[in-house]
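Please keep the sequence and the model at hand while reading.

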Amino acid sequence: MAVERELTLYEKRVDALLQLLPRSDGPARETFLKTQRSLKTAPDDAAYFDRWITALAESLVADGLIAAEDLKAREAEVRARLERWEAAE
Amino acid sequence: MSDAKFKPGDLVRVDDRDHKGHCRTPIYLRGKTGRVREVLGVFRNPEELAYFKDASALPLYDVVFQWKDVWGVEGPDEVAADIYEHWLERA
Amino acid sequence: MPHDGHHHDDHAPIEDAAEITQYEVLEQAIRELLIEKGMLSAEAIQAQIDDMDSRTPVAGSKIVARAWTDPAYKARLLGDPKAALAEMGVTKLDENPIVKVVENTPERHNVIVCTLCSCYPRVVLGMPPAWYKKRAYRSRVVHEPRQVLSEFGTDLPDSVKIEVHDSTADLRYLVLPMRPAGTEGWTAEQLEKLVTRDVMIGVKVPTAA
């Protein structure tokens, strides 16, 4: 059995999304539940939170809740912000 | 509770219908017979989509299944699951 | 365990910028977009993280140890778990589900699973372990509980019936194990140390050794 460790902030943030989305009102709830159904039978040997955030992102785009271009643009912006902080250190 | 169709001790069978979409009745228990142990109360139907807070309320039951009734083989063990009323019929 | 501190600004830096993964970038982007679209709030996300940070299995251990030393408390715990948990300072955050306590006896051993996803009594145990969420546990424990328990070092005679509780709805289950032999006269504080997370899930039994 793997040695246990505390979750990283990233993992806690994904976990928070997974706890809050099914309790939310509106279309994100159904998108979450659909993602959950699809992951139930997917291979699950590693990287639980990575698999979840990837599948959730795909479902949100597929269901039209987030536009693919908006997501791509936001990811690029997040990376750019990180590079600015790194450069500033 | 007066609205609950079943009471503790009742033999119930889990429906074996298909359900597309969100469902909290596990496939391995569909079509299986168990006994109601407890009426757990009334809860919102998880299958009703999108507007969860408006979902209708249903009685929920603690149902105990004997190993042979779940898996078709002898065994000392049991499975217990919480099943919504609309998935149960009298056995 | 230390927490990074409160970052209510949803543009707050991720922990270690030098080793950021594509998944962390994706999570940041998704979270920001969901917040901007009003599907979630930054406050609710942070409150959820803070709540989980504040919960560990110690809460469950104290409850079990008290039930072992105080029969009246044990009766309240089994009869009205919400009130009994509140007595020990354990309360729900918003919509978190209901806890039910299932008691081990010489005839019955309880073990908890969520075959459909990974429902877990977070309010008393904190975050679930990784193995609890995997199919290797979720599927196997309803098919072959004795083998699964044996892999955890728990071997039960056939005279003990195993009851696998599948958390299929709004209830979350906590196992109240039997108090181990050799603990006569122990205080609740001493007994707490024997009550690990795994005995409250039901994959192990506590021992005084």
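## The contact between chains C and A

Chain C brings 37 residues to its contact with chain A, and chain A brings 40; two residues are in contact if their C-beta atoms, placed from the backbone, lie within 7 Å. On the side of chain C that touches chain A, α1 (22–36) and α2 (42–53) of chain C each supply at least two residues. The most comes from α1(C), which gives twelve residues to that side. Helices (H or I, at least four residues) and strands (E, at least two) are DSSP runs, numbered from the N terminus.

By class, the side of chain C that touches chain A holds 25 nonpolar, two polar and ten charged residues. In this scheme Ala, Val, Leu, Ile, Met, Phe, Trp, Tyr, Cys and Pro count as nonpolar, Asp, Glu, Lys and Arg as charged, and the others, Gly among them, as polar.

The model is predicted: local features need pLDDT of at least 70, side-chain atom pairs count only at pLDDT 80 or more, and totals for chains, interfaces and linings use all residues. Residues are numbered from 1 along each chain as its sequence is written, while chains are lettered from A and ligands numbered from 1 in the order in which they are written.

## Helix α1 of chain C

The 15 residues of α1(C) should span 21 Å at 1.5 Å a residue, and its end C-alpha atoms are 21 Å apart, which agrees. The expected span is 1.5 Å times one less than the number of residues. Just after α1(C), Gly38(C) adopts a positive phi of about 75°.

Among the buried residues of α1(C) are Leu26(C), Ile30(C), Leu33(C) and Leu34(C), and also Glu24(C), Glu27(C) and Arg31(C). A residue is buried if 20 or more other C-beta atoms lie within 10 Å of its own, exposed if 12 or fewer, and partly exposed in between, with C-beta atoms placed from the backbone. The cover over these buried residues includes α1 (9–20), α2 (27–40), α3 (48–62) and α4 (68–88) of chain A, together with α2 of chain C.

## A sheet built from chains B and C

Seven strands form an open sheet of mixed pairing, in the order β5(B)-β1(B)-β2(B)-β3(B)-β4(B)-β3(C)-β2(C). Its edge strands, β5 (88–90) of chain B and β2 (108–113) of chain C, each pair on one side only. Two strands pair if DSSP finds at least two bridges between them.

Strand β4 (residues 78–84) of chain B is largely enclosed by the rest of the structure, because seven of its seven residues are buried. Glu78(B), Ala80(B), Asp82(B) and Tyr84(B) point one way from β4(B), whereas Val79(B), Ala81(B) and Ile83(B) point the other way. In a regular strand the side chains alternate between the two faces of the sheet.

On one side, β4(B) pairs with β3 (residues 57–66) of chain B in the antiparallel sense over seven bridges, and Leu60(B) stands opposite Tyr84(B). Four bridges join β4(B) to β3(C), and these two strands run parallel; here Ala80(B) has His165(C) as its bridge partner. Strand β3 (residues 161–166) of chain C also runs parallel to β2(C), joined by six bridges, with Ile112(C) opposite His165(C).

## Chain C as a whole

Chain C contains eleven helices and four strands, and buried residues make up 39% of its 209 residues. An automatic or database domain assignment sets the domain bounds, dividing chain C into domain 1 (17–53) and domain 2 (58–201). The centres of these two domains, taken over C-alpha atoms, are separated by 31 Å.
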